[in-house]
Amino acid sequence: MTALQDAPRPPGLAPSTRTLLSLAAAVIVLAGVYVARGLFGPLALAAVVVIIVQPVRAPLQRRGWSRWAATTATIVVAYLILGALAALLAFAGVQFASLVGQYLDDLSTMVEQATTWLESFGVEGQVTDAVASWLDPSTLAGFAATIGGTAMSVLTAFFFVLAYVIFMAADATRYQDARSRFGLQRPATLDRITAYNSGVRRYFVVNASFGAVVAVIDGVALWWMGVPAPAVWAILAFVTNFVPNIGFVLGLVPPAVMALVVGGWPLALGVVAVYCVVNVVLQVLVQPKFVADAVNLSLTLSFFSVVFWTLVIGPLGAILAIPLTLLTRALVIEGDPGSGWLRYLSGDTSAAPRAEPPEAPGEERPDADGPGGTPAEGTDTPPNPEDAAPGRPADGSSPGGPDDGPRASAGS
């Protein structure tokens, strides 16, 4: 039996050599992105915002607006989105810093109680020290103190984003004619760009819609249960909804800790129960039905992309992980006709060839064989010369059959 082999490859470098060269090039590119992450992060955020607001342009131009007027309206909508996000984050940051200072003594008491409780179960000192370091009030206070410096860096990046939005929105006016100019020469490339823009737009619009619903429900529930600063935790729930897979946990831990400080374990468990019911129903059961076809990424790749892009470009990479991963796949993989299997491994089920149904053992083919593998009625089988008896034609007819009669008569 011969071993199964892949399809023959064109002549050139060996597959292992191409793989090593591709990995080396990827490391060089990512190292450059890491060094320039202060510029690349705002640039990527501005590009995503422009992609989101781009559909505003076409209806305005159909109504008779000039290109520059439609571009100005697009920039205004993008600025409104960025301004609203900046205001929400600034409000949440200030309120969080105030909360840490207000409940610092209560946090110290809770850390001592948690450490004592863990030691009563025989937990080793290293574990208790780790828990204490995570919940140490001085650590939280230091984190709150750094919010001001972080806010300054965020504001600096925010001004870069505002400038990028102006330039990208102006360029998008010129690029909207690309299909009429290059549609015949580059149809596949334009289709990939269109699909990418549509997928990113749908991903963020759906996430923002569901995030707003989750934030309102969580905020109202926390307010009703008496958890301090419910608006802060509602904003946190909205922002973390854009982080795939682990956003739910990131949005749950801070309000649960605050509930534990002010109300003990019953209130903390109540917060966990509310978040689990609301977030699991909306984010796990309902939301994927709307974004699955827009993203087409496997769960493993989605989770890895969050960790990877956060390491490369910082906290902003957690929010932009899905668009950056989709862009990488569109540039590196989707343009290669022979990389369909890589697209399938990444979660793009549309790249897989149509699977042929396997033929069951003993299955009969109705077109040729009848039951038991015998010839079906009305079907002709080619004669086998070896089955013919000596002196008998291979078609099974007798030597003196009806066909031979006229010839015999003629010969006589």
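**Cores, helices and annotated spans**

Analyst: In this predicted model, the largest nonpolar core has 25 residues, and those with the most contacts inside it are Val 200, Phe 204, Leu 320, Ile 322 and Leu 324. A nonpolar core is a set of buried Ala, Val, Leu, Ile, Met, Phe, Trp, Tyr and Cys residues joined through side-chain atoms within 4.5 Å. Buried means under 20% relative accessible area, exposed over 50%, and partly exposed in between, with a 1.4 Å probe and protein chains only.

User: Which helices supply at least two residues of this core?
Analyst: They are α2, α9 (187-225), α10, α13 and α15. The most comes from α9, with 5 residues. Helices (H or I, at least four residues) are DSSP runs numbered from the N terminus, as are strands (E, at least two).

User: What is Leu 320 in contact with?
Analyst: Leaving aside neighbours within four places in sequence, Leu 320 is in contact with Gly 41, Ala 44, Leu 45, Val 48 and Phe 204. Contact means heavy atoms within 4.5 Å.

User: Which residues of α13 are buried?
Analyst: Ser 302, Ser 305, Val 306, Trp 309, Val 312 and Ile 313 are. Their cover includes α1 (15-35), α2 (37-53), α14 (316-319) and α15 (321-332). Helix α13 itself covers residues 299-313 and reaches 21 Å from its first C-alpha to its last, close to the 21 Å expected; the expected span is 1.5 Å times one less than the number of residues. Just after α13, Gly 314 has a positive phi of about 100°.

User: New topic: where does UniProt place "transmembrane region"?
Analyst: The unreviewed UniProt entry lists residues 20-53, 74-97, 143-170, 203-225, 231-253, 265-286 and 306-327. UniProt positions are in the numbering used here, feature names are shortened, and annotations may be inferred rather than shown by experiment.

User: How much helix is there in 231-253?
Analyst: That span is 74% helix and 0% strand, with its end C-alpha atoms 15 Å apart. Residues 265-286 are 100% helix, and their end C-alpha atoms lie 30 Å apart.

User: Why does Thr 240 count as buried?
Analyst: Thr 240 counts as buried because its relative accessibility is 9%. Thr 240 is in helix α10 (residues 230-240), and its side chain reaches the backbone oxygen of Leu 236 at 2.8 Å.

Technical notes. Residues numbered from 1 in each chain as written. Predicted model: local features only at pLDDT ≥ 70, side-chain atom pairs only at ≥ 80, totals over all residues. Heavy atoms only, no water. Polar contact = N/O pair within 3.5 Å; in protein donor to acceptor, adjacent residues only side chain to side chain.
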